[in-house]
Amino acid sequence: MSSDQFDSALDLLRRLPPHSTSTNLNRICALAPDLTEDLLSSVDQPLQTRQCKKTKRDYLLCDYNRDGDSYRSPWSNEFEPEVEDAEFPSERVRKMEIRMGEAVEIYRDLYYEGGVSSVYFWDLDDGFAGVVLLKKTTGKGSSEGGWDSIHVFEAIDRPRMSHYKLTSTVILHLSTGNDALGDMDLGGSMTRQIEQDMPVHDDASHIVNVGKLVEDMELKMRNLLQEVYFGKAKDIVGELRSTQPLTEATKEKATHREMINSMKR
């Protein structure tokens, strides 16, 4: 595999619409099969949903519950389709995975009022790691939107403490259109990272600590999107396209300028 090819593929995907990442990724992998594994493990895609055959409950697909073409359901802890010699979390980590999944479901209903969530944990030599996935889509047809958040973390054991490293990615897509306003398509992704040491008394402490880190990170990223990105987009659109006649805008600017000049006298 050429590093130049890999870097070029990543650079290209960053410049294409986030909601088309899966389609574009498949096309690049078809052109350069040698890049497939590295791209799938490096590129965050909008999350796909599948129904567990055993429990009939929806779960989210990602690279962290994938083994070849099979995916592990967090509800049944089985790969679909079945995989020989598949790796599963240890009994201790599986119990934490279940408890974290239950906590994230409550968080999802409170913050998102619906959607789909999944949690996957796996063992490390000096601790464990996991991913918390959340997906919410709204509307179909002329107006629709989607929010995908992917929180990958590591928990490294230390005496009476644990060192957490969290990498969070949000993929947002909004689109609307009608005859009066035309079409608008807004999308993008954001990634943030944090490391923190937190006290641990038992396995339940990990659930509380990871939940707090994910909740705080989501709040920061939502505020950043709303205040900075959407605020700046609104200002730019407001400057480019005014909803009031040009004569009224000119009069307002003249009045504003006159008031400032009178205050300087």
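Which residues does Phe128 touch, not counting residues up to four places away in sequence? Hello everyone, let's start there. Phe128 touches Val93, Met96, Phe121, Trp122, Asp123, Phe153, Glu154, Ala155 and His206. Please keep in mind that what you see above is a predicted model.

Let me step back to the whole chain. The secondary structure comes to six helices and 10 strands. With a radius of gyration of 23 Å, well over the 18 Å that the globule rule gives for 265 residues, the chain is more spread out than a compact globule. If you follow the C-alpha trace along its principal axes, it spans about 80 × 50 × 40 Å. As for burial, 37% of the 265 residues count as buried. Now take the contacts with a separation of 6 or more: residues 24 or more positions apart account for 51% of them.

Next, the sheet. Five strands make up an open sheet, in the order β6-β7-β8-β9-β10, and their pairing is antiparallel. Which strands are at the edges? Those are β6 and β10, and each of them pairs on one side only. On average, neighbouring strands here are turned by 10° against each other, ignoring direction.

Look at one pair in this sheet. Strand β6 and strand β7, which covers residues 127-138, are joined in the antiparallel sense over nine bridges. Within that pair, Tyr120 stands opposite Val131 in β7. Helix α4, residues 91-111, packs on the sheet, where it touches β6 and β7, and its direction makes about 155° with that of β6. There is another helix to find: α5, residues 203-240, lies across β7, β8, β9 and β10, and runs at about 145° to β10.

Now to the nonpolar cores. The largest one has 28 residues, and those with the most contacts inside it are Met100, Phe121, Phe128 and Tyr164. Which element gives the most? It is α5, with seven residues. There is also a second, separate core of 13 residues, and it includes Cys62, Tyr71, Tyr120 and Val152.

Trp122 has its place in strand β6, residues 116-124. For a sense of distance, Glu195 is 73 residues from Trp122 along the chain, and their C-alpha atoms are separated by 19 Å.

The other residue is Thr169, found in strand β9. Why does Thr169 count as buried? Because its relative accessibility is 5%, and the limit for buried is under 20%. The side chain of Thr169 has a polar contact of 3.1 Å with the side chain of Thr191. Beyond its neighbours within four places in sequence, Thr169 is in contact with several residues, among them Asp44, Asp148, Met190 and Met221.

Key. Residues numbered from 1 in each chain as written. Predicted model: local features only at pLDDT ≥ 70, side-chain atom pairs only at ≥ 80, totals over all residues. Heavy atoms only, no water. Helix = DSSP H or I, 4+ residues; strand = E, 2+ residues; numbered from the N terminus. Pairing = 2+ DSSP bridges. Axes fitted to C-alpha atoms, helices over the stretch in contact; angles between N-to-C directions. Contact = heavy atoms within 4.5 Å. Core = buried A, V, L, I, M, F, W, Y, C linked by side-chain atoms within 4.5 Å. Buried < 20%, exposed > 50% of the residue type's maximum accessible area, 1.4 Å probe, protein only. Polar contact = N/O pair within 3.5 Å; in protein donor to acceptor, adjacent residues only side chain to side chain. Rg over C-alpha atoms; globule rule 2.2 N^0.38 Å.
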